[in-house]
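Reader: Please present the structure, and then let us examine selected elements by question and answer.

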Amino acid sequence: MKKTETFFLIHNYNTVPKELIELCSDYLIIDCSDDGKTKEELKASGYKFVDTENTGHNLTSYFHYFIDHYDELPEWIALLKGNIIGRHVSREYFERVCDNKWFTFLYQDQKMWERYKKGGDEGSIASLLSEGGYIEHNSSWYMNQSHAYRYFYDMDDFYRFVYKDPVIPRECMFSPGGCYIVNKAQILKNSKTFYKNLNTLMEYRKEVNFPAEAFLVERMLPWIFTSRYEVNPWMEDEAAFKEMLKKCEISVNKHREWEAKRLKRFRKMLGAKPPVFLE
């Protein structure tokens, strides 16, 4: 197929994204590989890449690029992961949509069609509106998994923190993996400070077990690029943002204390007895 003029911004980890590079005329690989060989392979192939530390996810790589190239963004950008083909989309689907000149959700998991379609698993938290239209119950279920949070534990609160008086949706429609095609105008509707502040939420712990707040930002990406909600003033002020985070952390700690007491009461209701420690 003809190479697309859409710029490919590729967050990469321990893979050589040859398939992606073959499909575009311009790209940049933001590489956080740590396997001791990928960077050498990228160099040997003459690929354009920059090193970055591994934060465990791809969203901060995108936002740092927006900040650093704010006044010189390509007209159309595909936000990609090096392993998107085979992980989040099929090669056939990606070739069909990678030259789209409109906002595009880059997600297609045919293995889940039977489960997510009408008449599928009615108890599932997710459904499909189309082959790339993934929606999920807005229940914040992911905030109680293996990734710890510091400032937010609930998607609804996060919506209200970022935007003034938003509609709180029953469902979240987003692209699992955080891959999209976006126009630079959709990026530029938000300020550099806005992206810096969101990165602060996702980089207070830089490791593979990244902050759970990244899951919230992942689900908000379509809003970030397409909504016309007014943002709250602290989203445009780094100092004010940090002060607000202090209040958020206090609120989260109170929530943890309440949860601990609630679980303790629940265990007592079930007849659980406190452990006996031997001297």
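Author: Two strands pair if DSSP finds at least two bridges between them; helices (H or I, at least four residues) and strands (E, at least two) are DSSP runs, numbered from the N terminus. This is a predicted model, in which local features need pLDDT of at least 70, side-chain atom pairs count only at pLDDT 80 or more, and totals for chains, interfaces and linings use all residues. Residues are numbered from 1 along each chain as its sequence is written, and side-chain values use heavy atoms, with hydrogens and water left out.

Reader: Which residue of strand 8 is the bridge partner of Ile-135?

Author: Strand 7 also pairs with strand 8 (residues 171-173), in the antiparallel sense and over 3 bridges. In strand 8, the bridge partner of Ile-135 is Met-173.

Reader: Over what arc around the axis do the buried residues of helix 7 lie?

Author: In helix 7 (residues 155-162), the residues Met-155, Phe-158, Tyr-159, Phe-161 and Val-162 are buried (under 20% relative accessible area, with exposed over 50% and partly exposed in between; 1.4 Å probe, protein chains only). An α-helix has 3.6 residues a turn, so residues three or four places apart point the same way.

Reader: Which residue caps the N-terminal end of helix 7?

Author: A polar contact is a pair of N or O atoms within 3.5 Å; within protein, one must be able to donate a hydrogen and the other to accept it, and residues adjacent in sequence count only if both atoms are side-chain atoms. Here a side-chain oxygen lies 3.0 Å from the backbone nitrogen of Asp-156, and the capping residue is Asp-154.

Reader: Why does Tyr-62 count as buried?

Author: Tyr-62 is found in helix 3 (residues 59-68). Leaving aside neighbours within four places in sequence, Tyr-62 is in contact (heavy atoms within 4.5 Å) with residues including Leu-9, His-11 and Cys-179. A polar atom of the Tyr-62 side chain lies 2.9 Å from the backbone oxygen of Leu-80. Tyr-62 counts as buried because its relative accessibility is 2%.
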